[in-house]
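Welcome! Here is a short briefing on one helix and on a set of charged side-chain pairs. Take a look at the model first, then read on.

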Amino acid sequence: GAMTVSVLIADDDPSMRSALGDMLSGEPGYLVVGVAADPESAIDMAGTHRPDVAILDVKMPGGGGIRAAEGIRTASPGTRIVALSAWDDRETMARMRSAGACGYLVKGAAPDDLIELIERIRA
């Protein structure tokens, strides 16, 4: 549809943040509303912008994606959370799901995979 999907990106790796930002900025209908390097600023931005989707790096310092997901669920209950991890780690995935993540993306996935995942969790 013509709806804009607002996205928050949180990752402590600057190159990963810009890669994700570039990936989404190139997609029609997607708007990156915030880019955070740690859970606290991710939670603050989520409260301010109420993004449709938050992509959270699982291994950020300061409590990681788990801490960010729990805080975002409170700050912006309507935000759908995607866990982003460098490897397919079942235990972390399970903990992220308990914290409210409804999608899981392995770093290095193709842009199409990310977009498809977002479309799926927003459907």
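In helix 2 (residues 39-49), the buried residues are Pro39, Ala42, Ile43 and Ala46. They share one side of helix 2 because they cover an arc of only 100° around the axis. This is a predicted model, where local features need pLDDT of at least 70 and side-chain atom pairs count only at pLDDT 80 or more, while totals for chains, interfaces and linings use all residues. Residues are numbered from 1 along each chain as its sequence is written, and side-chain values use heavy atoms, leaving out hydrogens and water.

**Terms used here**
- Buried means under 20% relative accessible area, exposed means over 50%, and partly exposed lies in between (1.4 Å probe, protein chains only).
- Helices (H or I, at least four residues) and strands (E, at least two) are DSSP runs, numbered from the N terminus.
- The arc is taken from the directions from the helix axis to the C-beta atoms.
- A salt bridge has a side-chain nitrogen of Lys or Arg within 4 Å of a carboxyl oxygen of Asp or Glu.

**Helix 2 and its surroundings**
- An α-helix has 3.6 residues a turn, so residues three or four places apart point the same way.
- The buried residues of helix 2 pack against strand 1 (5-10), strand 2 (30-36) and helix 3 (64-75), with contact meaning heavy atoms within 4.5 Å.
- Asp44 and Thr48 are exposed, on the face of helix 2 turned away from its buried side.
- At the start of helix 2, Asp38 brings a side-chain oxygen to within 3.1 Å of the backbone nitrogen of Glu40.
- Arg50 follows helix 2 and has a positive phi, near 45°.

**Salt bridges around Lys107**
- The structure holds four salt bridges, and one of them pairs Lys107 with Asp11, with 3.0 Å between the closest N and O atoms.
- That pair links distant parts of the chain, 96 residues apart: Lys107 lies in the loop between strand 5 (101-106) and helix 5 (111-122), and Asp11 in the loop between strand 1 and helix 1 (14-25).
- Lys107 is partly exposed at 24% relative accessible area, whereas Asp11 is buried at 0%.
- Lys107 also forms a salt bridge with Asp57 (3.3 Å, N to O); Asp57 sits in strand 3 (residues 53-57), 50 residues apart from Lys107.
- Asp57 is buried, at 3% relative accessible area.
- Shared partners join Asp11, Asp57 and Lys107 into one network of salt bridges.

**The Lys59 pair**
- Lys59 and Asp89 form a salt bridge, with the closest N and O atoms 3.6 Å apart.
- Lys59 is partly exposed at 40% relative accessibility, while Asp89 is buried at 17%.

Note on methods:
Polar contact = N/O pair within 3.5 Å; in protein donor to acceptor, adjacent residues only side chain to side chain.
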